[in-house]
Amino acid sequence: MRKEERLAKEISEKVGGDSNIRQIAYCMTRLRLQLNDTSKVNITEIKAIDGVMGVIEDEMLQIVIGPGLVNKVALEMSALTGLAVGELNDQEFSDLATIKHNEIRSKNNTPFKNLLRKIGNIFIPLIPALVASGIINGVANFAKNAGVDSTATWMQLLLFMGGGIFAYLGVLVGWNTAKEFGGTPALGAIAGIFIFNPALANVELFGEMLQPGRGGLFTVIFVAWLMAATEKSVRKFIPNAIDIIFTPLITVLFVGFLTLLLIQPIGGYFTAGITNGINAIIEYGGVFAGFILAGTFLPIVMVGLHHGLTPIHMELISSTGVTILLPILAMAGAGQVGAAIAIFVKTKNKKLKNVIKGGLPVGFLGIGEPLLYGVTLPLGRPFLTACLGGAMGGAFQAFVKTASTGIGVSGLSLIPLIDGKYLMYFLGLLVAYAFGFIFTYFFGFKEEMAEHIK
């Protein structure tokens, strides 16, 4: 039996059977399941399945499997249940499931977490496109910096393919935002067009020409949310017979005028404040700021809220051409790689060694969740020493002021996207690897910590 087939069957059994699954989805490393009755789930037994690296209880049950494999497991579960990936089962929640679901929601229900979670849900589906486009752009820019003629046809084609998503990202973000908040996705896409349409430069308002892109992705998210909220409100009093005509018409006109007259100007000041604030923190905070930012990033990844930072990176790139934040945060995963290597060297536990061997290759490439949920977090203290190792790397990156021209990857994979200082970024990785190893080897791991891993 293939590994993905075995995992799909065993996970299905431990979550209460095929009929208990309402929705199947996945991101880069996690299988996400919406269930009918969460009381039927056996978390302990799911964690014990060979190949499962961790479990996160949230509004959707998140099972960490790892990159490459997770999408295959999702397809196998789709075959078992008859549900398309992303499709909802029509069965309603049972009363018991609703109670349990609300308990989980209340446990994780803080305004800040909810905001980041919503933003994450908007950007997670875009990650594959951002990764592909970012790497294409990075390779092309790397070649340009190496002296390759940028007017060559193949270079122009690479830059065209790599830059496409960034030119129209606002439209995709608007689409996903409206979908996330229960509106019509196409109207959300119009929100992105309102903000980024080049034709804005030809419109004069109050004696000034409008600026395409002003307010950035944060403004797109707000306008798309307003589009969804307005659409639902208008629909309440529009007769069904004319709903298809007047609901979208009223929504687009109302939100459109409000956006151009009020929201976009305010959004411009808001996003400028965020980007200027981040730049100032790193500029004046220096190595201390880099230490704190990188050292606290793994806990953010642990609860799945790291995708909420995506629009901040995009705003930095939009306003300055680079994000100085990403290379610093990327050091968190490097510190964890160093910690995992130290554990591998010290431990005699064969299963733990196998988990580390499976997680290290993708860890070097910047995907840290397999090591996070399979190694450092279950062991406890190595999680803290990994954070300290990453913090040292973050301090180094802040000191040498590396920056990235794209997002979507980290670790060694980020090197082609670094803005010129490729060697400095690589040295920062080595710093994080080394300190993650040293802190964990001498202070973070004892063999008895691995006794429960069998």
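**Note on the predicted model**

1. Phenylalanine 206 counts as exposed, because its relative accessibility is 71% and the cut-off for exposed is over 50%. The residue sits in the loop between strand S5 (204-205) and strand S6 (208-209). Its phi is positive, at about 55°, although phenylalanine 206 is not a glycine. The structure discussed here is a predicted model, and this point and the ones below should be read with that in mind.

2. A second residue with a positive phi is lysine 401. Its phi is near 60°, and lysine 401 too is a residue other than glycine. To find lysine 401 in the structure, look in the loop between H17 and H18.

3. Helix H11 covers residues 243-295 and helix H17 covers residues 381-400. How do the two helices pass each other? Their axes come within 7 Å and cross at roughly 140°. The crossing of H11 with H17 is right-handed.

4. The residues that make this contact can be picked out by name. On the H11 side they are Gly286, Val287, Gly290, Phe291, Ala294 and Gly295. On the H17 side they are Cys387, Leu388, Gly390, Ala391, Met392, Gly394, Ala395, Ala398 and Phe399. Sorted by class, the contact of H11 with H17 has ten nonpolar residues, five polar residues and no charged ones.

5. Is threonine 275 buried or exposed? Threonine 275 counts as buried because its relative accessibility is 5%, and the cut-off for buried is under 20%. Apart from neighbours within four places in sequence, threonine 275 is in contact with Glu315, Leu316 and Ser319.

6. The other one is phenylalanine 246, also placed in helix H11. With a relative accessible area of 35%, phenylalanine 246 is partly exposed; this class lies between the cut-offs of 20% and 50%. Phenylalanine 246 and lysine 350 are 104 residues apart along the chain, and 66 Å separates their C-alpha atoms.

7. Serine 12 belongs to helix H1, which spans residues 3-14. Serine 12 has a relative accessibility of 3%, so it counts as buried. Which residues touch it, leaving aside neighbours within four places in sequence? Serine 12 is in contact with Gly17, Asp18, Ile21, Met77 and Leu80.

8. How many cavities of 30 Å³ or more does a search of the whole structure find? The search finds one. The largest cavity holds about 40 Å³ of space.

9. The lining of the largest cavity consists of Ala330, Gly333, Ala334, Val337, Gly363, Phe364, Gly366, Ser410, Gly411, Leu429 and Tyr433. Helix H14 (325-346), helix H15 (350-364) and helix H18 (422-444) are the elements that give two or more residues to this lining. The largest share comes from H14, with four residues. By class, the lining of the largest cavity has six nonpolar and five polar residues, and no charged ones.

Methods
Residues are numbered from 1 along each chain as its sequence is written. This is a predicted model: local features need pLDDT of at least 70, side-chain atom pairs count only at pLDDT 80 or more; totals for chains, interfaces and linings use all residues. Side-chain values use heavy atoms; hydrogens and water are left out. Axes are lines fitted to C-alpha atoms, for helices over the stretch in contact, and angles run from 0 to 180 degrees between N-to-C directions. A crossing is left-handed if the near helix is turned anticlockwise from the far one by less than a right angle, and right-handed if clockwise. Contact means heavy atoms within 4.5 Å. Ala, Val, Leu, Ile, Met, Phe, Trp, Tyr, Cys and Pro count as nonpolar, Asp, Glu, Lys and Arg as charged, and the others, Gly among them, as polar. Buried means under 20% relative accessible area, exposed over 50%, partly exposed in between (1.4 Å probe, protein chains only). On a 1 Å grid over the protein atoms alone, a cavity is a set of points where a 1.4 Å probe fits but cannot get out, and a pocket is an open set with protein on both sides within 12 Å along at least five of seven lines; lining residues have an atom within 4 Å of a point. Grid points are joined across faces, edges and corners, and a volume is the space filled by probe spheres set on the points.
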